[in-house]
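Colleague: Could you walk me through one part of this model in detail? I would like to start from a single element and then see what surrounds it.

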Amino acid sequence: MASGTVAVVRVAPRASRGLWGDAWRRLLRNRPALLGFVFIGVFVGTAVFAPLLAPHDPGALYPPPPDASSGATGPYPPRPEHLMGQDLQGRDEFTRVVYGARISLLVGLGSVIFGVIIGGFVGAIAGAAGGRADNVLMRVVDVLLAIPGILLAIGIVAWLDRGLPQITIAVAVTNAPIFARLLRGGLLAIRESDYVLAARSVGVPTRRLLLRHMLPNSLTPIIVAATLALATAIIDVAGLGFLGLGPPDPRTPEWGTMLTDSTKFLRAAPYLIFFPGLAIVISAVGFNLLGDGLRESLDPRLKK
Amino acid sequence: MALLSVDGLVVRFRTHEGTIHAVNGVSFDLDEGETLGIVGESGCGKSVTSLAIMRLLPKPAGRIEGGSVRFDGQDLLACSEAEMREMRGRDMAMIFQDPMTSLNPVLTIEEQMVETIQAHRKVGNEEARARAIELLTIVGIPEPENRLRAFPHQFSGGMRQRVMIAMALALAPKLLIADEPTTALDVTIQAQVLELLQRLTTETGTAAILITHDLGVVAGMTQRINVMYAGYIVEAAPTAELFAKPSHPYTVGLLHSIPRLDAVQGEELIPIEGAPPDQRRAPVGCPFAPRCAWRLPDCWTTNPPLVPVRAAEAVVTTGPGATHRVACHNSPTPGEAAAGRPLREGFVAAPPPSAVADELAVVVP
Amino acid sequence: MTKYIVRRLLGAIPVLFGLSIVLFAFIHLIPGDPATAILGQHATAQRIAEMREYLGLDDPLPVQYVDYLAGLLQGDFGRSFINNQPVLGEFLRRFPATVELTIAAMIFAVGVGIPLGRFAARYAQRWPDGAVTVLSLLGISIPVFVLGLTLQYIFAVQLKVLPASSRIDARLQLDLQTNFVLIDAWLHAGWTFDEKVDAFVDGVRHLVLPAIALGSIPLAIITRITRASVIEVANEDYVRTARAKGLTERRIDGRHIMRNAWLPVVTVIGLQVGGLLAGAVITETVFAWNGVGRWIVDAIGNRDYFVVQSTILIFALIFLMVNLIVDIAYAFLNPRIRYA
């Protein structure tokens, strides 16, 4: 090298803290995502602390307001003791909305986790094995994807009967193909990509290649999709409930089921529609906001 | 009166990462029929300069924040968007780097050529089509009648660039800006396309600005060359003069980083060390100082102006007799330029002052 | 191009095959004895024996499957054991109502979504873009039934400007011939032109709320994809070329940007059809819309398995078909595939 030549390295203005650290920082600067966190916090907090938040018992029947004419039946409009009113049987709507968060969270989360596991398993096998196994598994995925969303869930619940585990499985099965496709596609694309080729050519061991290079890169779309799927799952669970396929136990209130029971009173008691409906929307908005925020912050190329 | 006169042009980009100082006061003139090369590595502001002239900077990030651009007697920066639209394609045309992405994939060649002509001339479809066929013939596309109906993806890269040239010359513009027109092409095709460009601009008397990172490309094509670095013109000279007597360390570096067939046996290829400066900061001192082997203490603090190499010479900005100018405190001597490094006894490049050193990690080998 | 279509058609065959297996399994792998499960615990032994006979449960499974497949190919989708009517006939009778609703929802989603997406893209990163983003976020976050009930409450109960449910005012006594209300209004014998117009308008008025409720999710998705697509295309090199040629902004927008931006939008529109068919099940329940969706829900309540099974099969078939058509349309719109 010529004498006196100076190599200069510019100090990066901000130290990079790796993919996850950067993503986390970007997420915290993403205002919609933060709002999503707030909504999810309200939803999860309500579900976890339901017994503390709810003033009454979700299954108990309470007397009508004192000024109701004798012989009148529910629903009764909101008043201080029953903030969201009382349903047809006189149960406290507020308490039921609060407890409803538990079912939504439980079934929603359960079905997405379950869906990610089945779908991820199938996708990983297909993506890693390739060839014939890939072909067969992906045809199965195609079949499941051909059946429109909630219709598949309806079929499965009709087949397995009503109940929380059945609903969870039904929604999980409708989710799973998406994750299978995502993981498979990601693995295939990455397997062929230049940087894995590069890593392989400099002798990075296969195990390290899988754990450090391939998995993190195919995982990010799964994380985003799972967050967004939580929103869909909550809506689908409520949809099943609305169609009369919700959990049968009256002591475990479910938002969709509560809505079905109230459609007849749309004119007289809109509050019985409004509050459970709002609860569903807030939960779904929360996960959708967070999912979008995650997508933006996990993809470093997706800059504004 | 020059056809194009750029004076003190400043272009900045406002991004989420901060302000990018893309072009920092660039001035040059271009006569009718003249061919000017702008040379520099990617990010030096050469493409931004040309987009600014066309007023095609990406909106809303890119903004012209200073200087003036006069073209054919008009102040381009004062023109309305509608006036600019009329001039683009008709008086000033542009060819871009990547012919793969510069043609619209869902429109046929015919549609894209005819719409160019009809945007500026009131002619019928038949007439425009005939002109398109004529143009394709001129740029050397076989069976132009049939090829008109084809889509861009059915052409090879070189053929697409020929279509781009045909389209750019459709309305016989006074100025043609070619931004890295051959960079994306195979080496064998590059020469053909360059030859075509040169022949057509000469025949029609079109003034041309050829932008490239490759000194080899401009060598035979242009009358004058501006060398750009970090948004500045660091050296400007007639082409032959620049190759014979490079006077800026960066130009010297560029000349030494291309392998040459006629190189003297044993002459070494000297790469330019380091990377261009971070343009998110307002420049202080000479932008090339951190990479320069000739730098003096002054280079860290004062950015030298572009002045004639032979001091006291009157400045001529255009034509074959244009003044050789350079922006350097310590120009390499002809001997040093040939060697590619300082030859003065005991000369050591000035270390950065402490204020600068804090911001730079300077590695002295 | 022909090769492409043939390849796509051939590609659909294994999926159809798989679908038939899944749905076959749906009935025949019901835990326990399918006949008992279908008829319930209280069915007489004779009814159960008849059902076993009908289902061919005593044959080996592969034989059962071949029989089932042979039946499907002859258009035998089984019978409802509530009223013993062939499923296909009842399906076809009700299907136009669902189609009418679905098309109306799609027109709403596409007709509003594309302009909205373009609008947002034009003002990208400014407040109109933000407003559209919020709107589309709500669109995908509000379940069809919540939106449906809300619309009913606002426009039917409170404002009383639109009917809350059903397909047409029963007092009009419209003859349902094709079971497309908007067509039957014109076919009704003995009505004057004005009466026909009135009936048609009434039909449209009944469609508005369900179509909006059902179309809200596709609307949100189409808006998003249009916005993203237009923004992406607007940054392409060939758009810069178009500007450098001195074309007017209008022409650049309509010709150079939209012709390319369309492509992903078309694909997404096709994918929405599945969601619309599924959403129709719920929408029809909310709006007492007498289509296939309500039928399926009733069938589940009655454990009328054949109806459920066959409807899912037919919906899946339609979904596959629509996507095939959309893919072909995409290939047609995209010269890079058309002339591949």
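Which residues point one way from β8(B) and which the other way, and are they buried or exposed?

Modeller: Happy to! Please keep in mind that this is a predicted model. From β8(B), B:A207, B:I209 and B:I211 point one way, while B:A208, B:L210 and B:T212 point the other way. All of these residues are buried. In a regular strand, side chains alternate between the two faces of the sheet. Strand β8 of chain B covers residues 207-212, and because six of its six residues are buried, the strand is largely enclosed by the rest of the structure.

Now for the neighbours of this strand. Strand β3 of chain B, residues 35-39, runs parallel to β8(B), and five bridges join the two. If you want a place to look, take B:L36, whose bridge partner in β8(B) is B:I209. Strand β7 of chain B, residues 175-179, is also parallel to β8(B) and is joined to it by five bridges. There you can find B:D179 standing opposite B:I211 of β8(B).

Helix α8 of chain B, residues 187-204, forms a right-handed β-α-β unit together with β7(B) and β8(B).

Four bridges connect β3(B) with β9(B), and the two run parallel. In this pairing, B:V39 stands opposite B:V227 of β9(B). Strand β9 of chain B spans residues 224-229; six of its six residues are buried, so this strand is largely enclosed by the rest of the structure. Both of its faces are covered. On one side the buried residues are B:R224, B:N226 and B:M228, and on the other they are B:I225, B:V227 and B:Y229.

Strand β10 of chain B, residues 232-238, pairs with β9(B) in the antiparallel sense over six bridges. B:Y229 has B:Y232 as its bridge partner in β10(B). Two residues lie between the strands of this hairpin, and B:A230 takes a positive phi near 50 degrees.

Chain B also has an open sheet of four strands, with the order β2-β1-β4-β5 and antiparallel pairing. Its edge strands are β2 (18-30) and β5 (74-75) of chain B, each of which pairs on one side only. Strand β1 of chain B, residues 4-15, pairs with β2(B) in the antiparallel sense over ten bridges. One position to check there is B:F13, whose bridge partner in β2(B) is B:I20. Helix α1 of chain B, residues 46-54, lies across β1, β2 and β4 (62-71) of that chain. The helix runs at about 105 degrees to β1(B).

Let me put these pieces into the setting of the whole chain. The secondary structure of chain B comes to 13 helices and 13 strands. Of its 365 residues, 53% count as buried. A compact globule with 365 residues would have a radius of gyration near 21 Å, and the 22 Å of chain B agrees with that. Along the principal axes, its C-alpha trace spans about 75 × 50 × 40 Å. If you count the contacts in chain B with a separation of 6 or more, 66% of them are between residues 24 or more positions apart. The chain exposes about 15300 Å², and carbon and sulfur atoms supply 54% of this area.

A:F242 is found in helix α9 of chain A, residues 206-245, and is buried with a relative accessible area of 3%. Leaving out residues up to four places away in sequence, A:F242 touches residues of chain A including A:G256, A:L259 and A:T263, as well as residues of chain C, among them C:F145, C:L149 and C:I282. In chain C, helix α11 (residues 249-286) holds C:Q272. This glutamine, C:Q272, is buried with a relative accessible area of 10%. With residues up to four places away in sequence again left out, C:Q272 touches C:M106, C:P218 and C:I221.

Key: Residues numbered from 1 in each chain as written. Chains lettered and ligands numbered in written order. Predicted model: local features only at pLDDT ≥ 70, side-chain atom pairs only at ≥ 80, totals over all residues. Heavy atoms only, no water. Buried < 20%, exposed > 50% of the residue type's maximum accessible area, 1.4 Å probe, protein only. Pairing = 2+ DSSP bridges. Right-handed = clockwise from strand over helix to strand, strands pointing away. Contact = heavy atoms within 4.5 Å. Axes fitted to C-alpha atoms, helices over the stretch in contact; angles between N-to-C directions. Rg over C-alpha atoms; globule rule 2.2 N^0.38 Å. Areas by Shrake-Rupley, 256 points an atom, 1.4 Å probe, with all protein chains shown as cover.
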